[in-house]
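Subject: A structure for you to look at

Hi,

Here is the structure I promised to pass on.

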Amino acid sequence: MPGSSVDVAIVGGGHNGLVAATLLARAGRSVVVLERRDEVGGAAVSERPFAGVDARLSRYAYLVSLFPRGLARDLGLGLELRRRRVASYTPVGDGGVLNPDTGAFGAMTRRLARAVFPTVLEPLRSAAQMRALVGDDAAWEALVERPAGEAIEAAFDDDVLRGIVATDALIGTFASMREPDLRQNRCLLYHVIGNGTGDWDVPVGGMGAVTAALAAAARGAGADLRTGREVTAIAPDGEVRFEGGALQAGHVLCGAAPAVLDALLAAAGAEPSGTSPGDPPEGAQLKVNMVLRRLPRLRDPAVDPRDAFAGTLHVNESYAQLERAHAEAAAGRMPSLPPCEIYCHSLTDATILGPDLRAAGAQTLTLFGLHMPARLFAADHDAAKREAVAATLRSLNAVLAEPIEDCLWQDADGAPCLEARTPQELESELGLPGGHIFHRDLRWPFADDEAAVGTWGVETRHPRVLLCGAGAVRGGGVSGIPGHSAARAILG
């Protein structure tokens, strides 16, 4: 409907856009959500990727930690999250480490989490205010001011335990643990603060259940959700152009990455948003989804595979192995022993499997490979992807008593049920610049400078255009926080 007007246009129907749509529509604003794909949800969706296999996999995002419980209650979400009965298992030789005790370091991160997380639904505080709120100068210096690797190395003598703790700093983040820009620290912080505990829970029904609940809330509030509408330009005065039409909005919320927002502004002849990082974002992960006939046997006879795979199973993620893989990838080489971590959604929530799969004992596996930056796939993507998948399966098989390939379910065409996604494929499918799952490197959950104190971390240089996605100051993960922040910035 060219020329139509609306109070708020939301570009991108990911979970943050749906949160903002619900809050704004409930406040009486007219809201239109424009989503380029044929369904809303962005990365928080469930799909059946294998022909004839009734398994609804959380294809891109897997677990929930950062979505504030209070926000979920306010939105009226009928969403069930289940705690995994096992935290983690790490194979070591013919044995392993089950549910490790992180001692004083874990207690330090929990203190930080209890102080920081309650602030994420408030305007931004200054660094000094946040430090005072934490009330632990040693913790602040260790996790906010100095490379996290220093604190981890000081806290643990065991290389495996160091690595178990360090992985939280490297999910989707290409960095050494002693990186001077501290992007690994910011990643670590977001992985340990969720709801004040840092627990990562399984959404019953898969990530698609999260999207379905949010979409129902948005529609129930009166928001207009339009799919198959790819936005082509955003003007600072609120005009939004999309394939087949345009509309005029009082405010525009962009759930896409800051780099994408800048491209949309440029298409309207406008200046950049002032929110993009200096360097292009670069994703750094290989995502692999599998359906199995049964769980594989472990080399460790003392641990039941149902325990090992129920939580996070760390594969070749000792501290030295993580640093070695980073060094290899930074030099442009595929990691020789790719570190990765795995969990089995269906052990906690079997509802994602159809009746026949459940009866047959099938299970799902989700693998997240670290230190797989987009640069490794740039020259010959398909060949590099084959190499990355083969190397990752070799890494996994090194801790199993049998090849994982022997346990894969076969689809209706007789092909093994295994799919992988590189950073480039995530960019193509989800619009993530460089395949970066957080849209850009994460930022601290407080103001970078005094001018930002009291803002919501979603503002741009154009007053009527706001961020509403993972690239906001308190972005990343399935949290709904940027959507809430964008709505509050409009509503005051």
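Below is what turned up, starting with the sheet and ending with the charged residues.

Before anything else, keep in mind that this is a predicted model.

**The sheet**

Start with the open sheet of 7 strands, whose order is E7-E6-E14-E15-E16-E13-E17, with mixed pairing. Strand E7 (95–98) and E17 are at the edges with a single partner strand each, so one side of each has no neighbour in the sheet. From one strand to the next, the twist averages 20 degrees.

Helix H15 packs on this sheet and touches strands E13, E14, E15, E16 and E17, with its direction at about 120 degrees to that of E17.

Now zoom in on strand E6 (residues 88–92). It is largely enclosed by the rest of the structure, because 4 of its 5 residues are buried. E6 runs antiparallel to E7, with 4 bridges joining them, and valine 92 has glycine 95 in E7 as its bridge partner. The hairpin of E6 and E7 has 2 residues between the strands, and glycine 93 there takes a positive phi near 60 degrees.

With E14, E6 pairs in the parallel sense over 2 bridges. Tyrosine 89 stands opposite leucine 313 in E14, and leucine 313 also stands opposite isoleucine 342 in E15. E14 and E15 pair in the antiparallel sense, over 3 bridges.

Next, find helix H7 (residues 159–166) and helix H12 (residues 319–330). Their axes come within 6 Å and cross at roughly 60 degrees, which makes H7 oblique to H12. Where they meet, H7 brings Asp159, Arg162, Gly163 and Ala166, and H12 brings Tyr319, Ala320 and Leu322.

**A buried alanine**

Alanine 362 is in the loop between helix H14 (355–360) and E16. Its relative accessibility is 4%, so it counts as buried. Leaving out neighbours within four places in sequence, its contacts are Leu292, Arg293, Leu353, Leu357 and Trp409.

**The charged residues**

The salt bridges come to 29. One of them joins arginine 59 to glutamate 47, with the closest N and O atoms 2.4 Å apart. Arginine 59 is in the loop between strand E4 (57–58) and helix H2 (69–75) and glutamate 47 is in strand E3 (residues 46–47), so the pair ties together parts that are 12 residues apart in sequence. Arginine 59 counts as buried, at 13% relative accessibility, and glutamate 47 counts as buried at 13% too. Both belong to a network of salt bridges that links Arg37, Glu47, Arg59, Glu419, Arg421 and Glu429.

Another salt bridge pairs arginine 178 with glutamate 150, the closest N and O atoms being 3.7 Å apart. This pair links distant parts of the chain, 28 residues apart: arginine 178 is in the loop between H7 and helix H8 (183–192), and glutamate 150 is in helix H6 (residues 148–155). Arginine 178 is partly exposed at 41% relative accessibility, and glutamate 150 is partly exposed at 23%.

Cheers

Notes: Residues are numbered from 1 along each chain as its sequence is written. This is a predicted model: local features need pLDDT of at least 70, side-chain atom pairs count only at pLDDT 80 or more; totals for chains, interfaces and linings use all residues. Side-chain values use heavy atoms; hydrogens and water are left out. Two strands pair if DSSP finds at least two bridges between them. Axes are lines fitted to C-alpha atoms, for helices over the stretch in contact, and angles run from 0 to 180 degrees between N-to-C directions. Contact means heavy atoms within 4.5 Å. Angles under 35 degrees count as roughly parallel, over 145 as roughly antiparallel, 65 to 115 as roughly perpendicular and the rest as oblique. Buried means under 20% relative accessible area, exposed over 50%, partly exposed in between (1.4 Å probe, protein chains only). A salt bridge is a side-chain nitrogen of Lys or Arg within 4 Å of a carboxyl oxygen of Asp or Glu.
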